[in-house]
Each structure stands twice: as structure tokens, then as C-alpha cells.
Amino acid sequence: MAKRLVAFNHKGGVSKTTTVYNVGWLLSLRYRVLLVDADPQCNLSSLLLRDDFEKYYVEEATRLHNIKDGVSVAFSGKPTPIVPVNCFSPRRAPNLCLLAGHANLSEYDAALTFAQSSSNTIATLQNLPGAFNELIRLQEERYHIDYTLIDLNPGLSPINQNLFLNSDLFAIPTNPDPFSIMAINTLKAILPRWGSWKATALEIFADSAYPLRPGLPRFAGSFIQRFNVRNGRAARPYRDNIAEIKSGIVDDLLPVLERAGMSLPTELYPQHLQEHGYCLAEIPDFGGLLPKAHVAGVPVFDLTDTEIGETGVVLEGMQEKRDQLREKFTEVANVLVALLNNA
């Protein structure tokens, strides 16, 4: 059975999509990987589909092959089962499969809210809480997936709750700013409440056609991203916020997650991860590599020298940054694989 990681933070602008895209692409060099775009903004789908993005949603061959239409039979009450849809794979990453997003996915929030609070007393709603899990399971089965990464929108919607709870691990992307610190405080209340709901719901929906995925998601760690570097470390304005995010996770969030059964046993976290405040990686701004990566349609660490398109010291500087980012994401991918295999 494929293992699932969800990137979640209800704060926007913390590079959730970038995290899923980069980690997923790197993992696909060794494994079969499914990327699930559950954000109605569809930024992950746009990154992978590129120039074909708009065409994908209007052409007959592809327009119904997305996360919303994949579960539509359940949400429209049709007496037909959920079936897998086709996934898109980029040429440079053939082992990477995209379950495309949909701009109107949030239309299902109201029905899912009602279903998840109905205690299974309304027959027409009993299959909705497990519908997304079933679609993803079928995609994993069809494409022989090893690891699934899920990108959520910034919010506390029922769909976010559902997909979060149908994962094995969750990572929290952050930025080194006061709002990310505030967001961690909110997650202390929200995540245990979601976990408590699932503990009850597993039994309530056990006999549904589409049951929930067993167990609770466990905390994998955080990402701290989008900051400038000076002399090999984060520039001074960011350092205090980075330290506060780490202490907020270690001192405040993690104890709450432990009590809620939403963390791994301490001994399963690598020592270096514990020593660095459960931060999976500190990832600075991509700088001049980012627009070049968008043009090439690949992550920054997969750019060739030709695609960088510079010479002399400028090329050398970009090569060094590209290689550093590749090493950083490789380390993160290795840690996540180990954690996922123990989840």
C-alpha cells in the first residue's frame, strides 16, 4: 500500500505547492510518485501541465480527469462506483503522476460538512467521507504508486480536513515571519480536534462503500522557506523568527500532537531532526534560478547548465546554488522516506 504525505498549513504563501512539487519530483527519480492537487487554485497542476494547463480542462480526452470529477459520482448520488482517472506525467519525470486539481473543488465542501457530521444516519451521505480516499487509493493501485504527496489549499475546510486525515504523515511548511508563528498556535487546537473526529468516524463509517483510511496522520516535521541568505546562513531579520518557529513546534505543538496520537515515537525521528527543532529543511529563496526553472518546466535543482543559460561567474554561482538545493532536497526526501516507511 502506498504511503501518503500531506503538506498542510492554513496560512497562505508558505510554499506548500513548491514543497510538494520539489520533493515529489525528486522522489520520482527512485520511486513511483503520485501528486494530488487538492487546491482549487490548481498551482501544482499548472506547474506540471504548463502550456497545456487550460487545454487540459476543456478537451474531451482530459477534462474529466481530475480530483473533482473523479469523486463526482459519490457527491452527485449516482449508483455507480468511483473509478480511477488518467494521470499526467511530465516528460522529464515519467515516474511522477499528477491527479489534477479543479477550480470548483470547493463546491463539495457543504455536502462533506453535512456528511461528516451526520453520524452515518443518512444513507445518501455515508459514502462521502471516504470518497477522496477511495479515488486516491484507486490511482495508487492503477499507477503502482509507492508514495503519494497531497497539496492542500490554505484553509480549514472540510475537504482539507478529510484529505489531511486520510494521510500517513503531515509536514508543515512555514515562512520565517510572525504569521507562521501565529499559525502554529492555531494548529495546536485544530489538529487534535480533527484527530478526535476521525477516531470516532472510523467506526461510524466502517461499513460505508468507501471507508476512511485507518489510523491518524503523524507529524513528520516542518519546512522553513523563502528567506535570504547572508554569509552562509539566514539573514539577520529572519533568524529570530526561524528560532521561534522551531521552539514553538518543540515546546508547544509537538506535546499536543503526542497527546493526540498524531506524532511518531521519539526514537523514530532522526537525531539530527530532533536537534534542529523538527525542521526537515531550511530552504532559502531560489533567486534567479526560479524563472529559469519555470521556463524549462523543471524544479530548480533539475536545471541543466544549458537551461541556466549564463556564463562565467554568474553561471558558477547558479550552478553552486542549484547543486546545494539538490543536495538539500535529496536529504529531505531520504528522511521522509524513512519516516513514511515507519508510519
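Mentor: Begin with Thr 17, which sits in helix α1, residues 16-27. Keep in mind that this is a predicted model.

Trainee: Is Thr 17 buried or exposed?

Mentor: Relative accessibility decides that, and buried means under 20%. Thr 17 has 13%, so it counts as buried.

Trainee: Which residues does Thr 17 touch, leaving aside those up to four places away in sequence?

Mentor: Its contacts are Asn 43, Leu 44, Leu 47 and Asp 151.

Trainee: What share of the contacts in the protein, at a separation of 6 or more, comes from residues 24 or more positions apart?

Mentor: Such residues account for 78% of those contacts.

Trainee: How should I read backbone angles?

Mentor: Most residues other than glycine have a negative phi. Cys 42 is not a glycine, yet its phi is positive, about 60 degrees. Cys 42 is in the loop between β2 (33-38) and α2 (43-49), and at 3% relative accessibility it counts as buried.

Trainee: What is the phi of Tyr 278?

Mentor: Tyr 278 also is not a glycine and has a positive phi of about 60 degrees. Its loop runs between α11 (271-275) and β9 (279-283). With a relative accessibility of 6%, Tyr 278 counts as buried.

Trainee: Tyr 278 has a ring. Which cluster of ring pairs includes Tyr 278?

Mentor: Ring pairs join Tyr 278 with Phe 8, Phe 164, Phe 170, Trp 194, Phe 219 and Tyr 269 in a cluster.

Trainee: What are the distance and angle for Phe 75 and Phe 132?

Mentor: Phe 75 and Phe 132 are 5.8 Å apart centre to centre, with 55 degrees between the planes, and the pair is tilted. Phe 75 belongs to helix α5 (residues 72-75) and Phe 132 to helix α7 (residues 131-142), so the pair ties together parts that are 57 residues apart in sequence. Phe 75 and Phe 132 are buried.

Trainee: What about Asn 185?

Mentor: Asn 185 is in helix α9 (residues 178-204). At 39% relative accessibility, Asn 185 counts as partly exposed. Asn 185 and Gln 225 are 40 residues apart in sequence, and their C-alpha atoms are 19 Å apart in space.

Trainee: How do I read the protein as a whole?

Mentor: Take the secondary structure, which comes to 14 helices and 9 strands. Then take the radius of gyration: for 343 residues a compact globule would be near 20 Å, and the protein has 20 Å, which agrees. The C-alpha trace spans about 65 × 50 × 30 Å along its principal axes.

Trainee: How much of the protein is buried, and what makes up its accessible surface?

Mentor: Buried residues make up 54% of the 343 residues. The accessible surface comes to about 14700 Å², and carbon and sulfur atoms hold 51% of that.

Trainee: How many charged side chains are there?

Mentor: There are 32 positive and 37 negative side chains, and the centres of the two sets lie 1 Å apart.

Notes. Residues numbered from 1 in each chain as written. Predicted model: local features only at pLDDT ≥ 70, side-chain atom pairs only at ≥ 80, totals over all residues. Heavy atoms only, no water. Phe/Tyr/Trp six-rings, centres within 6.5 Å; stacked < 30°, edge-to-face > 60°. Helix = DSSP H or I, 4+ residues; strand = E, 2+ residues; numbered from the N terminus. Buried < 20%, exposed > 50% of the residue type's maximum accessible area, 1.4 Å probe, protein only. Rg over C-alpha atoms; globule rule 2.2 N^0.38 Å. Contact = heavy atoms within 4.5 Å. Areas by Shrake-Rupley, 256 points an atom, 1.4 Å probe, with all protein chains shown as cover. Lys, Arg positive; Asp, Glu negative; His and termini not counted. Charge placed at Lys NZ, Arg CZ, Asp CG, Glu CD.
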